[in-house]
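Please keep the sequence and the 3D view open while reading.

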Amino acid sequence: MSACRSDPDQEEAVERRIDFWRERRMLCDGCGHEFVVDLDWIDRLEQSGEKCAGCGLTCEHEDAPRVTVDPADPALDDDLVARFAWYHTSTQPDWPTKSFEPAAALTPETRMRMGGDRHVAEWAARQRAKALHVGTYEAAIHNMLRRMHDQADHGSQFYLYRVQLKATVVVREGSLIDPSNFVGDVVLDEVCPPGVDVARYLNYHENPGGLSLALGVAAIACVQQVAIPHSDAGDTEWAPDAAAALENASALPVSVTGRLGRFMRPSSPRAALARELVATLASRLLVNFRDGFASAARFDEGEDSVVWARRVSSMLDLILSPGRLLQALDAGEHRQA
């Protein structure tokens, strides 16, 4: 990746090694025991299938083990934070928006339901006060898949942004526990007091145990953007084979019989085969990626088989072959924030 073209003094951003399968460091608040596990262990803990080896606490206890920051994480070095490339995924084609006006799209009816212009203005001010979030590549991809699964964004166009910070940013000392509220928002002034541009925080949700950043748009030097999944990516063998298999399956919906029939929409053998293909691919992924990937790869009745297969293959590429997408970003223009 090259430096921002309009700023010859901006150093080249540094890419960190992408490793979705890395082990995570855990800390038990009950006994202080620290240990290293994989994501499968964390998933079993959340299902009450594991416990702290030091004191036996399970997930039902408020002091149960949780991911913690790896003291060897290079992002803990204040001098390196601005040198790293950071990432963000969004459905916004112009993130971060320079003239963000959250109330612009509200209809008169919505404004009335919100209590009138004064309440709308207060709400808009709160929206503008929110921090932006950037993190590792792994966290950005996880965020997109989580949104597709949890927030009905299956059909939305997403964009991956590579973010380069200004070399002069002031980084808050240390790191915070994830400061997000229940909807994932962070008030910028609460984590970045005057004189501070960037705050590190332990991410519990995307790339658990990794460090993400809360910051304002003024901390960003420039961004590069690519639409995802990328059209030039994808398994050149799996996609044609999957598309051919779907074409040979019937597209005629079959009604479900029995007591549950009235509650279930008819589904075709083609859609059933697509679900089987996706399940096989998902089994190759980390446990906390599988549901999001299945949502992102969902086959809709009547969808073109070739288009679907290439999209699914490209989605898998984001995780298994990220280098292809980074090359696409390398070729993209730098946009000043």
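## Basis and overall make-up

Helices (H or I, at least four residues) and strands (E, at least two) are DSSP runs, numbered from the N terminus. By this rule, the protein chain holds 11 helices and 11 strands.

The model is predicted, with local features needing pLDDT of at least 70 and side-chain atom pairs counting only at pLDDT 80 or more, while totals for chains, interfaces and linings use all residues. Residues are numbered from 1 along each chain as its sequence is written, and side-chain values use heavy atoms, with hydrogens and water left out.

## Surface and contacts

Of the 337 residues in the protein chain, 45% are buried, where buried means under 20% relative accessible area (1.4 Å probe, protein chains only). The accessible surface, found by the Shrake-Rupley method with a 1.4 Å probe, comes to about 17,800 Å², and 50% of it belongs to carbon and sulfur atoms.

A contact means heavy atoms within 4.5 Å; among contacts between residues at least 6 apart in sequence, 73% join residues at least 24 apart.

Strand 8 (residues 198-202) is largely enclosed by the rest of the structure, because 5 of its 5 residues are buried. V198, R200 and L202 point one way from strand 8, whereas A199 and Y201 point the other way.

Two strands pair if DSSP finds at least two bridges between them. Strand 7 (residues 176-177) runs parallel to strand 8 and is joined to it by 2 bridges, with Y201 as the bridge partner of L176. Strand 9 (residues 211-215) pairs with strand 8 in the antiparallel sense over 5 bridges, and here Y201 stands opposite S212.

Methods: Buried means under 20% relative accessible area, exposed over 50%, partly exposed in between (1.4 Å probe, protein chains only).
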